[in-house]
Amino acid sequence: MLDSLNQQRTYAGWMEGVPSRRWNDSIVQASLKEAGRGAEDGAIPLLIEPARRDYLRKPGDMAGHRTMRGQAPEWLPEVTCIAVLRDTAPARDPSRDGSTLTVVWFQDQYALPIEESILRQIQSIDWEQAAADYIY
């Protein structure tokens with residue numbers, strides 16, 4: 001069950017220039033850190049690896065651009081999503097009250113809906129392996 005969904009523009013606050021792999025890696029890590037702040041004790045957020053591309057809106061639209069450090073442009077999808085999923089049944093420990101999993105992904109539009117390819121990946125998660133049990 002979807003308990004909460006937080007979303008923001010991936011490049012919110014970006015002032016100038018073109019993002020690179022290094023910058024995007026830091027965005028992904030910051031998103032995981034943010035997701036971890038809201039997770040149950042001991043729960044580790046799960047990342048659905050984002051698609052990375054060398055264009056903003058359509059192939060070729062960044063031809064000739066370079067970032068400030070001479071690195072090739074690289075873009076992540078436009079919206080960062082952090083979802084908390086919960087189940088009233090524990091994943092592993094029957095003495096607990098339920099289980100939870102925080103998932104981080106990137107998609108091109110605000111959800112809902114969740115992009116189909118992302119939804120398939122979420123549905124394929126091994127809940128018993130990935131979720132953390134909690135006590136109310």
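**Entry 1: the model.** I am working from a predicted model, so I keep in mind that side-chain atom pairs count only at pLDDT 80 or more.

**Entry 2: salt bridges.** How many salt bridges does the structure hold? I found 9. Side chains of opposite charge can pair when their charged atoms come close.

I started with Arg-52 and Asp-25, whose closest N and O atoms are 2.9 Å apart.

Next I looked up Arg-52 with Glu-74, and here the closest N and O atoms are 2.8 Å apart. Both residues lie in the loop between E2 and E3, so the pair ties together parts that are 22 residues apart in sequence.

Are these residues buried or exposed? I checked each one against the cut-off of under 20% relative accessible area for buried. Glu-74 is buried because its relative accessibility is 9%. Arg-52 comes out partly exposed at 24%, and Asp-25 is partly exposed at 32%.

I also noted the salt bridge between Arg-96 and Asp-93, with the closest N and O atoms 3.6 Å apart. Arg-96 is partly exposed at 33% relative accessibility, and Asp-93 is partly exposed at 29%. Which residues do shared partners join into one network? I wrote down Arg-21, Asp-25, Arg-52 and Glu-74.

**Entry 3: strand E4.** I then turned to E4 (residues 98-107), where 10 of its 10 residues are buried. In a regular strand the side chains alternate between the two faces of the sheet. I checked both faces of E4 and found them covered. One side has Gly-98, Thr-100, Thr-102, Val-104 and Phe-106, and the other has Ser-99, Leu-101, Val-103, Trp-105 and Gln-107.

**Entry 4: partners of E4.** Which strands pair with E4? I list them here with one residue pair for each.

- E2 pairs with E4 in the parallel sense over 2 bridges, and Leu-47 stands opposite Val-104 in E4.
- E3 runs antiparallel to E4, joined by 9 bridges, and Leu-85 has Leu-101 in E4 as its bridge partner.
- E5 (residues 132-134) also runs antiparallel to E4, joined by 3 bridges, and Ser-99 stands opposite Asp-133 in E5.

Methods
Residues are numbered from 1 along each chain as its sequence is written. This is a predicted model: local features need pLDDT of at least 70, side-chain atom pairs count only at pLDDT 80 or more; totals for chains, interfaces and linings use all residues. Side-chain values use heavy atoms; hydrogens and water are left out. A salt bridge is a side-chain nitrogen of Lys or Arg within 4 Å of a carboxyl oxygen of Asp or Glu. Buried means under 20% relative accessible area, exposed over 50%, partly exposed in between (1.4 Å probe, protein chains only). Helices (H or I, at least four residues) and strands (E, at least two) are DSSP runs, numbered from the N terminus. Two strands pair if DSSP finds at least two bridges between them.
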